[in-house]
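Student: I have a model open and want to go through it with you. Can we start once it is on screen?

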Amino acid sequence: MKHLTIIAVLLVSTIATAQTDFEKGMAKAFDLWEQDKMDEAENMFERISNAEPDQWLPHYYIAQINSLKSWSVKDMNILKVQLEKAQEHINTAMAIRKDNPEILVLQAQVLTNWVAFDGMTYGMKYSGKIAELYANAQALAPKNPRAAFGKAEWEMQSAKYFGKDTKPYCEAIENSIELFTNFKPESEFHPKWGKERAKQTLESCKG
């Protein structure tokens, strides 16, 4: 019985240490990111993902960083490397956590990166899929603000592209801001971005 107690204590201690290491690593990665050291943050997330194969969040943020970096890229070869890396980590995150609205939203964003880079080539290829991803994310989590905002923003941009009135989407974006205000992430490391961007988009679509 004594041996079983010792083993149980050791197991609990190991789990607690692993969780602490994960939390410390994630905090360090976010700290680097806030200092605009995106490459260093990405490297830290990669180390965490290797050490914590059952955690989807490090893969999510590696994909998000590569998506964000791609917005300013003009070179197709660089873009391809970044977005293929983003896709690889999205695939891994999806394998770890299926039907996760946050991952679906990020997948839609990565496909949007392709469309933004070359609308003639990738618009027809990905537009329907992007709309589907946002619809699925919102169906899974109606109160998720990133799903609501992403769907409204995509529909607004699509309307703008086709020369249609974008005003009807302002209300949906305004509603997403309320969702941002009331949203409570599962942990300090879960996605919580988007509110400021939603506010900026609302101002522009009302302007």
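Student: Which residue forms a salt bridge with E42?
Tutor: K85 does, with the closest N and O atoms 2.6 Å apart. A salt bridge here is a side-chain nitrogen of Lys or Arg within 4 Å of a carboxyl oxygen of Asp or Glu. This is a predicted model, so local features need pLDDT of at least 70 and side-chain atom pairs count only at pLDDT 80 or more, while totals for chains, interfaces and linings use all residues. Residues are numbered from 1 along each chain as its sequence is written, and side-chain values use heavy atoms, with hydrogens and water left out.

Student: Where do E42 and K85 sit in the chain?
Tutor: E42 is in helix α2 and K85 in helix α4, 43 residues apart, and the pair links distant parts of the chain. Helices (H or I, at least four residues) and strands (E, at least two) are DSSP runs, numbered from the N terminus.

Student: Is E42 buried or exposed?
Tutor: E42 counts as buried because its relative accessibility is 4%. Buried means under 20% relative accessible area, exposed over 50%, and partly exposed in between, with a 1.4 Å probe and protein chains only. K85 has a relative accessible area of 24%, so K85 is partly exposed.

Student: How many salt bridges in the whole structure?
Tutor: Nine. One of them joins the side chains of E102 and R146 at 2.8 Å, N to O. E102 is in helix α5 and R146 in helix α7, 44 residues apart. Both E102 and R146 are buried.

Student: Back to α2. What is its length?
Tutor: Helix α2 covers residues 38–51, 14 residues, and reaches 20 Å from its first C-alpha to its last. That is close to the 20 Å expected at 1.5 Å a residue, where the expected span is 1.5 Å times one less than the number of residues.

Student: Which of its residues are buried?
Tutor: In α2, A41, E42, M44, F45, I48 and S49 are buried. They cover an arc of only 160° around the axis, so they are on the same side of α2; the arc is that of the directions from the helix axis to the C-beta atoms. On the other side of α2, N50 and A51 are exposed.

Student: What about the overall fold, how many helices and strands?
Tutor: The chain has nine helices and zero strands. Of its 207 residues, 42% count as buried.

Student: And the largest nonpolar core, how many residues?
Tutor: The largest nonpolar core has 41 residues, and those with the most contacts inside it include F30, F45 and Y61. A nonpolar core is a set of buried Ala, Val, Leu, Ile, Met, Phe, Trp, Tyr and Cys residues joined through side-chain atoms within 4.5 Å. Helix α5 gives the most to this core, with nine residues.

Student: Which residues is F30 in contact with, leaving aside neighbours within four places in sequence?
Tutor: F45, Y61 and F189. Contact means heavy atoms within 4.5 Å.
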